[in-house]
Amino acid sequence: MPVDGPDGPRIDGAVVLLAVIALVAAAYTWMAFGLEWETRAGRIGPGFFPRIVGSLTVALCLLAIVRRVRAGRPRGGESEPGRARLVVATVAVLAVYVAVLEPLGALIASALMMLAILSLTNRRRPLANVALSVGVSSALYALLEIGLGAGLPPGPLPVV
Amino acid sequence: MDVFGNLIDGIGGVLTPENLALLALGVLVGMVVGVMPGLGPSAGLAILLPLTFDLEPTGAVVMLAAVYYGAMYGGTITSVLIITPGESATVASTFDGYPLARQGRAGPALVMAAIASFVAGTIGAILISVAAPLTASIASGFGPPELFLAVMAGLLTLIVIIGRNRLLGAISALIGFALATVGIDIGGGEQRYPFGSPELINGIDFIPVAIGLFGVGEILWTLYSGAHEKDQQLLRVRARDRDFWPRRRDWLESRWAMLRGSVLGFFVGTTPGAGATVASLMSYSVEKSVAKEPERFGKGAMAGLVGPESANNAATAGAMVPLLTLGIPGSAATAVLLAGFLMWGLEPGPLLMDENPEFAWGLIGSMYLGNAMLLALNVFCIPLFASFARVPLRILAPAILAVCALGTYTVNGSLVEVGIMFVCGVLGFFMRKYGFTPAATVIALVLGPMAEETLRQSMIISNGSFGIFLERGLSLALLGLIAALVVLPFVAARLRRRRRPATPPSGPSSTPPRERIGV
């Protein structure tokens, strides 16, 4: 039988994530109600599957939230905290990378992205980071664009 | 036998210079992928899939399958040398592999693992040659109701077996189904969830989601856990060392473990969700229980390494049976292969072996040849591949992220897909952190259209009545299986509670332990 822990109900990152998923699923389900459940010919309509999937997702998320909150905080405290700032910084770099990928081109944008992340993970070797960023991004660009004709964005560089 | 004639034809079909080159390239790339912490077969396959679009389907799938089992063996190298499994299927290889390496026997351990993989791959190729046509003939009696239930059963099996938490596993699968509904409804042509984006009108492509969940998500998790801050202290292994090769005793200890692991692994591998990880762990338990000296397990027993290695390799062959004959992937890696098949215009299912025999038997034949190539490369290149594990993750991580982004861009030249990929990467990170099952999301994304279409067809056949699922013998059998999968975890938990010995009261104020809630 679930009981509250001695420190009260457990509201943590997992509960927040489940709540976000439930909200998105609720919006998804609401939009699905704007689609037909059944076509005029009496067949399954475009809203049939999404309504079932969305409703189930909301229901299971709410069930999971209730269970987790009622389970209470674990004895012995939470597990070891991770490098959250590093992850947030990496995600921010990646967001900028997507924004500049086409304007700057694959080669320059990838080199800058790699340099930014290496500056976070390999701080003590700035020169090596520059060399690695330029070298690896050039090799990747050569392999994908020149070797395989992948059609990567060239940016301001002359098309090879 | 006709079956073996087909296998020989399949092997012959792969024996072209181009296909052999692709096979060798796939094995090499797979081993490099497997050796690198932070990438596994699923991520490697997802990232490489876009690069195979210009190849012939047979050549492309030969290369991807080679990457798959190459990555499995690459994971073994890190398991043995640095007690870091390259992926979950090689966890069992750490139990005795690393102790062997600590005793200065890394060379014999890795050579025996390579031989075990070869033997298992050979046995797997023979078994799949028999099992695949048999399963296809049974599956040819499947209609839309059975196919729909088979998809549901496959996903449920995955959720019950693979996930830390079944409720979160079910939510993971539903997320995949939801993603699969974006785009044009096949039945009526209506747009669903386009949000004004031309890219979303065509639906969410599998590749950005797979690369995001497995590639980017894994890298973000690795950074979060701090694994990039540790420099690996690698145990060295050199082919010129006197003790590089196994001794006679190693062969004698391991021969039956290889055979048992191969057969066990193949049949476990055919079960969706079970796959190589469960197979390798089961094999370890079996070998320990039948060993004359079980106390040596965990301290460097060769059978404790060879059994799981055989099992995980044979399981990759077993996983091909439901994939080829039913079109149902049992793991994230086979889901990527299925996505590749669909992109090349092939329809895995009961008719694949009849309508595209050169493709199906070519794939099966390539599995045998790939294992032979793995053995040859492994034995002489183990030290070289081991050196890849020395590249620190803090340097590899941004390179892998660049490969993920550019690989995704090459698919359709779409920046929106690169964005979707990174959003899925963040989702994959949180899924890992909180015990969800990214594999279920990916498999549901691939199977979602098939599930909806077969359900639609079933309703058309039955004039809208769900009774069709109860009127057909095969459907009833699958419904029974689904019911068993839903009920089994609760029954198992109840049995476990009954078997626990009653703890005597420790004092006047004894209270029962708090029951773990599985969320």
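The place of B:A92 is in helix α5 (residues 92-102) of chain B, where helices (H or I, at least four residues) and strands (E, at least two) are DSSP runs numbered from the N terminus. This is a predicted model, in which local features need pLDDT of at least 70 and side-chain atom pairs count only at pLDDT 80 or more, while totals for chains, interfaces and linings use all residues. Residues are numbered from 1 along each chain as its sequence is written, chains are lettered from A and ligands numbered from 1 in the order in which they are written, and side-chain values use heavy atoms, with hydrogens and water left out.

- B:A92 counts as buried because its relative accessibility is 0%, and buried means under 20% relative accessible area, exposed over 50%, and partly exposed in between (1.4 Å probe, protein chains only).
- B:A92 and B:T52 are 40 residues apart in sequence, and their C-alpha atoms lie 32 Å apart in space.

**Chain A as a whole**

- Chain A contains five helices and zero strands, and its elements run α-α-α-α-α from the N terminus on.
- Of the 160 residues in chain A, 39% count as buried.

- Helix α13 (residues 302-318) of chain B has 17 residues and reaches 24 Å from its first C-alpha to its last, close to the 24 Å expected at 1.5 Å a residue, where the expected span is 1.5 Å times one less than the number of residues.
- This helix, α13(B), is mostly covered, since 17 of its 17 residues are buried.
- Helix α18 (residues 393-412) of chain B has 20 residues and reaches 29 Å from first to last C-alpha, close to the 28 Å expected at 1.5 Å a residue.
- Because 17 of the 20 residues of α18(B) are buried, this helix is largely enclosed by the rest of the structure.
- Just after α18(B), B:G413 takes a positive phi of about 65°.

**Salt bridges**

- Side chains of opposite charge can pair when their charged atoms come close.
- Over all chains, a search of the whole structure finds 13 salt bridges, each being a side-chain nitrogen of Lys or Arg within 4 Å of a carboxyl oxygen of Asp or Glu.
- In chain A, the side chains of A:D12 and A:R68 meet in a salt bridge (2.9 Å, N to O).
- That pair links distant parts of the chain, with A:D12 in the segment before α1 (13-32) and A:R68 in helix α2 (residues 48-71) of chain A, 56 residues apart, and both A:D12 and A:R68 are buried.
- In chain B, the side chains of B:E253 and B:R296 meet in a salt bridge (3.2 Å, N to O).
- That pair too links distant parts of its chain, with B:E253 in helix α11 (residues 248-269) and B:R296 in the loop between α12 (275-290) and α13 of chain B, 43 residues apart.
- B:E253 is partly exposed, with a relative accessible area of 24%, and B:R296 counts as partly exposed at 25% relative accessibility.

**A positive surface patch**

- B:R166, B:R494, B:R496, B:R497 and B:R498 form a positive surface patch, a patch being made of residues with over 30% relative accessible area and no salt bridge, with like charges joined within 9 Å and nonpolar side chains (Val, Leu, Ile, Met, Phe, Trp, Tyr) within 5 Å.
- Helix α22 (residues 473-499) of chain B gives the largest share of the positive patch, four residues.
- B:R496 is found in helix α22 of chain B, and B:R496 counts as partly exposed because its relative accessibility is 48%.

Conventions: Areas by Shrake-Rupley, 256 points an atom, 1.4 Å probe, with all protein chains shown as cover. Lys, Arg positive; Asp, Glu negative; His and termini not counted. Charge placed at Lys NZ, Arg CZ, Asp CG, Glu CD.
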